[in-house]
Amino acid sequence: MRGFKSFPKTILSLFLILLAASLLSAQTVAPSPEEFLGFRVGTDYELASWPQMVNYFKLLDERSDKLKMETLGETTEGNPFIMVIITSSDNMSRLESYKRIQRSLANPRGLSPAAARKLAAEGKVVVMISCNIHSTEIASSQMSLELAHRLITEESPRIINILDKTIFLLIPSHNPDGQIMVVDWYNKYLGTEYEGGRMPWLYHKYTGHDDNRDAFMVTQKETRLITRVLYHEWFPEIILDEHQMGSYGARLFVPPFTDPINPNVNPIIWREIALLGSRIAMDLEEEGYSGVVSRAIYTAWWEGSFLMTPWWHNMVGLLTEAASIKVATPIFIDKSQLRGGRRGLPEYKPQENFPNPWPGGWWRLRDLVDYELVASFSLLETAAAYKEDFLYNFYLMGKQAIEKGEKEPPFAFLISPDQRDMITAVKMIETLMLGGVEVHKATDSFTADGITYPAGTYVLLMSQPFRAYAKDMLERQQYPDIRLYPEGPPQSPYDYTGWTLPLQMGVKAVTIKSPFRAELTAVKEAEYPEGMVSGRATYAYVFSHSTNNSFTAVNRLLKDGYQVYWAKEPLKLADRSFEPGAVVVPVRKGIHQAVASIAKELHLNIYAANKKIMGDGYRLQPLKLGLYKPWTANMDEGWTRWLLEQFEFPYKNIHNAEMRTGNLKDRYDVIIIPDDSPQRIITGRRDGRPGRPSTPLPPPYEGGIGNEGVANLKSFVEAGGTLITFDSASDLPIESFGLPVKNVLKEIPEEEFFCPGSLLEVEVDNSQPIAFGMGKKAAACFVDSPAFALLPSFDQKAKVVLKYPSKNPLLSGWILGEEKLFDRAALVEVEKGKGRIILIGFRCQNRAQPHGTFKLLFNSLYYGPAKLSRLP
């Protein structure tokens, strides 16, 4: 003790201070994921749940000044949707300043190249990595924990440089609801024969796998949260979306992508993708990771996913796809099981874009985590190394887009007020604005391409930073004719080939090919037409059938107990004419307040009728609607469910057991069978996703409706019910009910007919109730769909409501063998017994995009049970 006392006081004080600081640091250091979870990330059979992940990121936020967790909002099911920002502590204190730089570079009007270079030097490259949008592709969500921890705790020169030069936006799960479902389902059946198998329902409440098909339509809550970050707040230069693919091929896909490329994307994007993707592939090789493939499988054409849609916004979007396991259960793959056979990788053997095949063996969750960690760190390191290039090129592409829109056609797209459904036209404008498109409105009449347009016309000038996106959404696509070999079968596109938004939504958009002048004002918020009630009715209120919102109005009125009719013939009311299907609501107690509220909330014009309306009409009945929901996680069912809810249709899901029980007419007047094959509807067999190991479902979810379910559906129709089938499901009643209808495309080889995802013209008989409110033509979403011919019948009456023209019906996308569709039916109504079957031979509600054909579904729902009578 004497020696301790003789220790110099200043040195003793310094020692005590350092000791206290060391103890404080030990208390506040961020724990590793392994310390927090109790297992190493990627351990076999172990998964971090979403609540654990959120709590871990909260803890990292508390313990580090290099990480900030933001809750962007709530998911569809009410769970927190988080984004984690990781950068140096100095950058973290100046985030708003860096956001301003991003906004200036994203919209470079008035910014000189020299000023842009200065901002590129001052700014930080913003990189987003999004994980786990497809919830069964679980590895990236787990990897995100380790990635974040290493970035804020490691002090290597590499990490310091990354944090100094980048602002990293980490989305640990793009679909937290699904992450919760998958982890719960996996843990429930761990140790059983069902371990690692698929769930019998969608891993997003409405969209399932299609949550990554919502990037331009922006219908879901999660989509809106991410879209706001991408195109309104942070404008990241680089986005990486981490996925999983089949188990028996390459171990990891990294870009570049394969042909065809979309011609609207700035060529700089392809070069930057090649730079980043090639660096990832090289880093993986250097660190001993085999089985990496590039320029294969995934094309660069289609718009709609979250990694691709940024391309049209001058942002680099990349994809990794890691070979899957059974969620967290490892699989053993013998070398003989490995195969190619996909675009760009015809055989599983070394080639230039796949130089080092994986030899086979055990494949574990930790393997996926390791591959994804290398890819993520490589991306961040390369982004940091080329920071100023990425920032300046972001500016340059926006500048080039503005200049291109000033010098070459199209110069603008116009949406004039003379629309069949102006409310839907405004919804389209609103959707485009969510995607960052600039929109103007004419304050006075003007002339463009020799035609005069009125004040109030929406003008989408092509001289804008996101020109490529606006143009790609509004113009028609022309997908190239690509064959596996000359004169051979077509090579399937990765997804759809045409998506033109005005065609899908039934909106008239005019392309302007010459420069013009107009008095315009910028639109800050889409402006819906002001609804109004014209007069106080003594007999009835009448409104048009042409707007989709009219169905929401009908649903509200029926729910409140009012009588509602559709006029069978055209109506004349004072100086106003209505097409067949006009909605007639007789005056009853409370109706005046009801229609006033509806007009205001739904933007409808409602007119008073003060004398009896002569003629026949269909009296609509409150719906008893059943929507078939199989245990095969059917996305078409999910989208249909979402759509019904948006327009306030009451419905109930029907599962296989109820289908097999019978007496369906006692509970339902209308049943919808979403798109699916007859075999899958009857047997329920879905042998996993292609290239992935298959696991059976637990007994409550096995099977389909069975032959007894088919018989019960037939009895339902004969007893007076209405059966509505979508797309491929139409083959079920055709084959099983003996309908006088033939699918003329069935078993035709792809060499003779091929149309995998395009918009086709259909001719509409809008005098028939199923097509009330439609125009004479529409665009049908055709995805390997059927087409119909009517056959002679003595006891069943069939009629065509929609048909393809006697010319090439292609509007947008790609078709081969179009003559097979000439004059063929696209929608058929068949009367059988006391009921009817409505065969909708395409996807009239596909991914909630084709607003122009929603009416075909909505009309069909009410038409079946409606009672034809005199208007009261």
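Helices (H or I, at least four residues) and strands (E, at least two) are DSSP runs here, numbered from the N terminus.

## Ground rules

We're looking at a predicted model: local features need pLDDT of at least 70, side-chain atom pairs count only at pLDDT 80 or more, and totals for chains, interfaces and linings use all residues. Residues are numbered from 1 along each chain as its sequence is written, and side-chain values use heavy atoms, with hydrogens and water left out.

## The seven-stranded sheet

Seven strands make an open, mixed sheet, running β20-β26-β21-β25-β22-β27-β40 (strands pair if DSSP finds at least two bridges between them). β20 (532–534) and β40 (867–870) sit at the edges with a single partner strand each, so one side of each has no neighbour in the sheet. On average, neighbouring strands are turned by 30 degrees against each other, direction ignored (axes are lines fitted to C-alpha atoms, for helices over the stretch in contact, and angles run from 0 to 180 degrees between N-to-C directions).

Zooming in, β22 (residues 565–567) and β25 (residues 583–586) run antiparallel and are joined by two bridges. Tryptophan 566 has valine 583 of β25 as its bridge partner.

## Helices on the sheet

Helix α18 (residues 549–559) packs against the sheet, touching β21 (540–543), β22 and β25, and its direction makes about 155 degrees with that of β21. Contact here means heavy atoms within 4.5 Å. Helix α19 (residues 591–602) lies across β20, β21, β25 and β26 (605–609), at about 135 degrees to β20.

## Who lines the pocket

α17 gives the most to the lining of the second largest pocket, with four residues.
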